[in-house]
Amino acid sequence: MAALQAVHVCDVPNLDQVPENAALALCYSRFRAGVNGEETCKCKIPKFLVMGHRGSGMNMLQSSDPRMKSIKENSLLSFNEAAKFPIDFVEFDVQVRLPSNVRRFPVTKDDYPVIYHDNFILHEQNGAIVENRVTELTLAEFLSHGPQKVPGTVGKPLFRRLKDGRIFEWKVEKDAPFCTLEEAFQNVDRSLGFNIELKFDDLVVYTEDELSRILKAILKVVFEHAKGRGVVFSSFQPDAARLIRKLQSTYPVYFLTNGGSEIYTDVRRNSLDAAIKLCLDNGLHGIVSEVKAVFRNPGAVARIKESKLSLITYGQLNNVPEVVYMQYLMGIEGVIVDLVKEISETISDVTRVEEGEEDNLYGDDEKMRAKAKPQFSSDELSFLMKLIPELMVQP
Amino acid sequence: MAALRAFHVSDVPNLDQVPEKASLSLYSTRFSKGVELNRAASCRTPNFLLIGHRGHGMNISQSSDSRMKAIKENSLLSFNSAAKFPLDFIEFDVQVTKDDCPVIFHDDVILSEENGTIFEKRVTELCLAEFLCYGPQKEAGKEGKCLYRKTKDGKYDKWNVETDDSLCTLQEAFQKVEPSLGFNIELKFDDYKVYQQDHLTHILQVILQVVFEFARDRPIIFSTFQPDAAQLVRKLQNNYPVFFLTEGGTETYYDVRRNSLEEAMKVCLEGGLQGIVSEIKGVFKDPGAVPKIKESNLSLITYGKLNNVPEAVYMQYLMGIDGVIVDFVEEISRTVDGMIKPEEAASGEESEANSKLRFSQKELSFLLKLIPELIQPH
């Protein structure tokens, strides 16, 4: 595969003139120092990508595991902490404020893309919980929640509503203020790639115009500030995925799916096969799927690869080292994980030694650590591909 | 391990004079005629028991899989069909009718329909003649009550199978089923009833009476979910192994002894039982329990839907589990023939493995860390 190079900003003066088939900056040579310590950026695509979920992992306020409420998710702190480990990308969620009448108002500075996961943001005021839709707040209102950048100022006390409806105070060990997409580009370690998830509300129907406006606002920031940084786009919203691919071909676009764990009215969201079709119909680069859906249907991996699509997974199970290693053996191309330290350190033993084999970059010690991982034969692997889906059947 | 032998009725004149236990070993001699009795002891890998669930497999009438509605479960036909395969035992459920007759039937209640209404009777409140009125009748021309059964979603449906057969008693099973096939007799009790010691003793004595009269050389294992019944049947007789059945933590009951593998071990050790029969998911969720059970000198057998998956059965063989109760008797016997027997032959002769599925210790450890994570909902 030809080496990939980032496209420089100067090559992309404005959105209408994105060169066709520009080289995609997907490679990561972050820790690929040669024997003499110099960077040997051969820009090979790593065989196995590790991505930090919302930076150093999502916050799970109801969890008893302290690692799930250590650093505020989706913050500059979280991204830069993740950068300390051998990972390739951080994943985070971007939303854009949408004024009520899209056509009449031009793009303003209030269309700043911000980084935040939930559709709604909650704070406490005078003993009551106030809930606002993120995309209806001004930038200033959004940034007034949680810790403030200016020392001495106090932000609105932040709360969060969980999927089951319970409301928790959003307390983490190392808190941090919220940020915009632009700030992330400017303040996060340059060698860390960004997997930008284009966040939409599952229950809202968006017009093509609305989607287009949101995506252009995001692309404006990306093209202005990405510089050499690797970027991929991903989205659960099938039309957003389609559209961002139409609007640019610089950066790969992935279609996010939970592969059938939930059923939606939009059938394109309901299975891995539907995801394959969407990707092929629209020239997308690959699929990001819930790992359970892949494990329930390992045969889909072969179909995805035959379609020349990339496959990455996400989900709680990706925090289990054995689950991640199985995926590496199955030829899955990458994982999004919360336990960034644990997983990146386990997996880099294996993947980097294998990648470095040809260049003789690694000594016997490192090779031994990698070989300490189980080596399954292809018969054994076939056996496991029959066993695993059966274990996944929940009563 | 020495082979299992049944005691002749003459050796057991009455229940109070049960002789000291001889060998209570598990492995049946069904297929070892002509081979030395200590063959099992010299094998480094123990035999792996294959047990047919309710004979040739339980019935699920609404299943899309034809194997789940082929032959009426818990019937003589089912037992003798299972006997055609290289099984060590068949498992079936025994309850006692109002007039003290042990019969073979799984559910606590038996259902039929009349004029659009479903009638439900507790098996233990029927007398034998009433019980035998249900289902196909032995006498030609006689019409039995059409059997119904409650489905998973709480509805009532006809109990349809491809090949039906009449209900039978424990005695008939002893007399009419292939003599070399072992019986794993599950002593059925109501999960939500509290039984007095006297009542339990009476029920068990009624069953043991039939067993001692008709078992002859047939290998037998007793098993039950009821902790007191398990310990009691062990106190009442010393001839046959007794296993404690458990869901292994996949269900929760008021009686804590039923709620985990650890509790099951306690019941066994306190009562001198021979082993545990657990839902396979309970074991897969906690593979570390297997060595603990074996270190306590207890056997471990499993049951459950997962046991119909050949790869799941092979994994259990590798983990040192002693046997599996399965519905897909034909398919799983092939697994044992195809995957397990070659393994045994290879290790016995210390030759290069013919089997392509020789998981190393490292691989096995890895899998035993992976499997519990996949079974637990995340």
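1. Basis. The model is predicted, so local features need pLDDT of at least 70 and side-chain atom pairs count only at pLDDT 80 or more, while totals for chains, interfaces and linings use all residues. Residues are numbered from 1 along each chain as its sequence is written, chains are lettered from A in the order in which they are written, and side-chain values use heavy atoms, with hydrogens and water left out.

2. Chain A overall. Chain A has 12 helices and 13 strands; helices (H or I, at least four residues) and strands (E, at least two) are DSSP runs, numbered from the N terminus. Of its 395 residues, 54% are buried (under 20% relative accessible area, with exposed over 50% and partly exposed in between; 1.4 Å probe, protein chains only). Taking contacts (heavy atoms within 4.5 Å) between residues at least 6 apart in sequence, 66% join residues at least 24 apart.

3. Extent of the interface. The contact between the chains involves 29 residues of chain A and 26 of chain B. Together the two chains bury about 2400 Å², with 72% of this on carbon and sulfur atoms; buried area is the accessible area (1.4 Å probe) that two parts lose on being put together, summed over both. On the chain A side, E322(A), F383(A) and L391(A) lose the most area to chain B, and together they account for 28% of what that side buries.

4. Make-up of the chain A side. Helices α7 (291-296), α9 (321-329) and α12 (378-391) of chain A each give two or more residues to the side that touches chain B. The largest share, 9 residues, comes from α12(A). By class, this side has 17 nonpolar, 4 polar and 8 charged residues; Ala, Val, Leu, Ile, Met, Phe, Trp, Tyr, Cys and Pro count as nonpolar, Asp, Glu, Lys and Arg as charged, and the others, Gly among them, as polar.

5. Aromatic pairs. Over all chains there are 29 aromatic pairs (rings of Phe, Tyr and Trp, its six-membered ring, with centres within 6.5 Å; planes under 30 degrees apart are stacked, over 60 edge-to-face and the rest tilted). Y116(A) and F142(A) are edge-to-face because their ring centres lie 5.7 Å apart with planes at 80°. Y116(A) sits in the loop between β3 (113-115) and β4, and F142(A) in helix α2 (residues 139-143), 26 residues apart. Both are buried.

6. A pair between chains. F383(A) and Y314(B) are also edge-to-face, 5.7 Å centre to centre and 75° between the planes. The pair runs from helix α12 of chain A to helix α10 (residues 310-319) of chain B. F383(A) is buried at 3% relative accessibility, and Y314(B) is buried at 0%. Both belong to a cluster linked by ring pairs, whose members include Y325(A), Y328(A), F48(B) and Y317(B).

7. H123(A). This residue lies in strand β4 (residues 120-125) of chain A and counts as buried at 3% relative accessibility. Its side chain makes a polar contact of 2.9 Å with the side chain of Q125(A). Beyond four places in sequence, H123(A) has contacts that include I129(A), H145(A), K156(A) and F159(A).

Key:
A polar contact is a pair of N or O atoms within 3.5 Å; within protein, one must be able to donate a hydrogen and the other to accept it, and residues adjacent in sequence count only if both atoms are side-chain atoms.
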